[in-house]
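Here's a quick tour of some packing and pairing in a structure you can follow along with. Have the viewer open as you read.

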Amino acid sequence: MAVYINGKGNISPQKTWGDEPLLSSPRDYAGSKLECVQPDYTQFLDVRQLRRMSRVIKMGMAAGTLALREAGVAVPDGIITGTGYGCLEDTGTFLTKMVESNESALNPTPFIQSTHNTIGSQIALLLQCQGYNQTYTQRAFSFENVLLDCILELKDNPKQSILAGGVDEITNISHKIEERFGIYRQDSLSSLELFNSTGRGTLQGEGAAYFVLSGEKQNLCKVSLISVATFYKPGNHLLSDIEAFLKSCSLEAGDVDLVISGKSGDSRLGKEADLITSSLFPSSSTALFKHLCGEFSSASAFALWLGTRIIEEQQIPGIILERNAKRPVKNCLIYNPYFNDYHSLILLRAC
Amino acid sequence: MTLEGRIHVAGAGVISAIGNSADETLHSFRNNLSGIGSITLFDSIHRGVLPVGEVKLSNRELAVKLGDKKDVTRTALLGIHAAREAVQNAGVDVTKWRTGLISATTVGGMDKTEEFFNEFISDSKKGRLRNVVNHECGKTTELIADDLGIRGFISTINTACSSSVNAIAFGARLINHGLLDVVIAGGTDALTKFTLNGFNSLMILDQKECRPFDASRSGLNLGEGAGFLVLVSERVRKENNLHTMGYVSGFANTNDAFHQTASSPDGRGSFSAMQKALAMSGLQPADIDYINLHGTGTLNNDLSEGTAVARLFGERYPRLSSTKACTGHTLGASGGIEAVFSIMAIRHQCVFPNLRFENPIPEIGLIPQQQFEAGLKISHVMSNSFGFGGNCSSMIFSKE
Amino acid sequence: MEQLMADLKKQIIEALNLKHLKPEDIGDEQSLFVEGLGLDSIDALELIVLLQQQYNIKMANPQDGPQIFKSVKTMAEYIRANQPV
């Protein structure tokens, strides 16, 4: 059974919505933080509805709306969201106030909106969507879990249209804490040069990307989601796990036209990613994307948006190209590693 | 959807304010005991004011009991405790089969993050990093998976207080689709200052012991704990010749889409969750022998849920009770803990008390089970879990 | 009383992030909830916190909210009657 990508919406550190050609003017950032380009949210909701929403909720709501508009779906049959950290800004606000005011006179709103399911449930409330509603929060498998759930749902009932997305935000607090773990670049170089310089650390990213998936193909749809897999601490099984995945999709490595690799640009990591692209897929085109959106739990949602656009337009923008095999892109494999323990695969196909 | 083959429950493990294992819990139920009391395990201005349902083991005691678990968050400690019991109890070798762990939590490592924040707020270079390294909900699941030796599939769900039921349902679906053979599914949440103050800011915590489904109810008591089931496919059951404890016969997840925190007056989301779960199981309302209610004890939840139950089940409603009067509301863990209770009801042919009930809610008139009662015929049990954001889930367990 | 109501309007706009409103847009006796400003039960909880933070008044029972938060005027009257000296 095929799962069709009938709509997509992406709010990211790049201008990824509107009519602009794919990544025609990539944004360059100095420092180790890539924050989203914010659309004018009043084009999606009126100020009354926006007044209580934190940035991450607005980003999710906007991406969801864009996806639904593209798919021509007013109310989806279900909403499934993946988020590693959930609504961090509100969590940080409540925690800070709680400590500072010694547990007294606390505003309830940041607490209410701190839970991970706030984004998905706010979209449900706005759309009056009473169907299936789910939120996954398994770090860098959060979005992959969303896709797996979608595939199961649509196998059971292909007629449904499901709004499926991945959302995460950077906050000042999370940046300060994560910086202390030494996982971000210290050299303030240009973000677009991430892969041209060897250094320790990556860039912190964020984003919100939603998709409308269905077992029924909408007229303009050009891409289908074939399969998804996650590997937690695979050790030295990773390559054979990937081969088994391809086999389960009735593919050989040579059939993969494009590999989008989620290498983070941290010189201490990424050995698996290089090994995979060089030894497993020597004849495929390869592309990198984390210099555009940064590293974060649901970055694979950005990659899915990217892969979908590439298949639709049959063009791989130079800014992401690592190796050009000059092949038309029919089968596109997204490989996303997240630090050492998380590795995932998403397979897309032109349809 | 329909379930192709049976999704059997091969094991169950639980820890809460009324016991550190399924056996201890049953003993507490038999004696109609409550686990609600004063805060003893952490400092708070609410200590002595707001009653809670604490697990009667400190972090140190849990860490020693579990071995080599220094610096592990309380949510993970509770989760490991209950998940180990479930796996030992199931007698299945989790390394032999395609095994997954699907856990639910709403606070994750928040208890340690709070410690970190005390120092971090005044100086962002301060605070021990090892106290925030396990903050993420997904980290809790990693810690449990690593303890059990599970490498295949891990997932975490946070749909607020309905999380655990959704975790068990996702596990059942993965087995149903033939993607996994064995799934350990449930949830864990520790009591934290964050949630205590959060619910206090919503003014829905009762300063007395909570009274679910009673006319005089005026809020909930927070609790903590963990509950996990081991779900296995028909094939695993046959090959291991397992004597299982029941099976998952139906479930549904809906959204009330009414308000960010409050349930709709007619409980439209909960009604449709119960109705769809029944449809999936192929059962009629009259087939249900016991309902483990969500029953938090807030004015809003109990009226909304009660209205939906009354509408679906009519005047001849089954025995029903909220065990949150015993355990407190354990948030993301509640669906897992109450799934274990539901399985215990089937296994021991009994129902559990809804403590402190005196008068029915006038608008609906439902009278819950007030005492522990055994020697009954319990074939089908429904368990409800609803959460903020309108998330409603209902699940039905049946006797083999 | 006039001053108190003017202060309250500013504080309400600030606390509830009603960016689309100016203090003069809120009538003294205009209903704050459903049919008036369209506030909801979460706003009511925020107003309880506002009373505590700005006027040091602790409202014990949220059930009293609808009566007290009917309008800016009823809020001001409640503050006058309950403010600690």
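**A strand with two neighbours**

Keep in mind that this is a predicted model. On one side of the pairing story is strand β1 of chain A, residues 3-11, which runs antiparallel to β6(A) and is joined to it by two bridges. One residue to look for there is A:Y4, whose bridge partner in β6(A) is A:S224.

The pairing with strand β11 of chain A, residues 342-350, is antiparallel too, and here nine bridges do the joining to β6(A).

**Where chain A touches chain B**

Next up is the interface: 49 residues of chain A are in contact with 46 residues of chain B. On the chain A side, the elements giving two or more residues include the helices α3 (88-100), α5 (118-127) and α6 (142-156), along with strand β3 (132-136) and our friend β6. The biggest giver is α3(A), with six residues. Sorted by class, this side of chain A has 19 nonpolar, 21 polar and nine charged residues.

**Two helix pairs**

Now for the helices. Two packed helices are described by the angle between their axes and the distance between the axes. Here are those values for a pair in chain B and a pair in chain C.

| Helix pair | Angle | Axis distance |
|---|---|---|
| α6(B) (163-176) and α12(B) (334-348) | about 65° | 5 Å |
| α1(C) (2-15) and α4(C) (72-82) | about 115° | 9 Å |

Take the chain B pair, α6(B) and α12(B), which pack at an angle of about 65°. That angle makes α6(B) roughly perpendicular to α12(B). Which residues of α6(B) and α12(B) meet? From α6(B) come B:S163, B:S164, B:V165 and B:I168, and facing them in α12(B) are B:S334, B:G335, B:G336 and B:A339. By class, that contact has three nonpolar, five polar and no charged residues.

Over in chain C, the crossing of α1(C) and α4(C) is right-handed. The α1(C) residues C:L4, C:M5, C:L8 and C:K9 meet C:V72, C:K73, C:M75, C:A76 and C:I79 of α4(C). This contact divides into seven nonpolar, no polar and two charged residues.

Methods. Residues are numbered from 1 along each chain as its sequence is written. Chains are lettered from A and ligands numbered from 1 in the order in which they are written. This is a predicted model: local features need pLDDT of at least 70, side-chain atom pairs count only at pLDDT 80 or more; totals for chains, interfaces and linings use all residues. Two strands pair if DSSP finds at least two bridges between them. Helices (H or I, at least four residues) and strands (E, at least two) are DSSP runs, numbered from the N terminus. Two residues are in contact if their C-beta atoms, placed from the backbone, lie within 7 Å. Ala, Val, Leu, Ile, Met, Phe, Trp, Tyr, Cys and Pro count as nonpolar, Asp, Glu, Lys and Arg as charged, and the others, Gly among them, as polar. Axes are lines fitted to C-alpha atoms, for helices over the stretch in contact, and angles run from 0 to 180 degrees between N-to-C directions. Angles under 35 degrees count as roughly parallel, over 145 as roughly antiparallel, 65 to 115 as roughly perpendicular and the rest as oblique. A crossing is left-handed if the near helix is turned anticlockwise from the far one by less than a right angle, and right-handed if clockwise.
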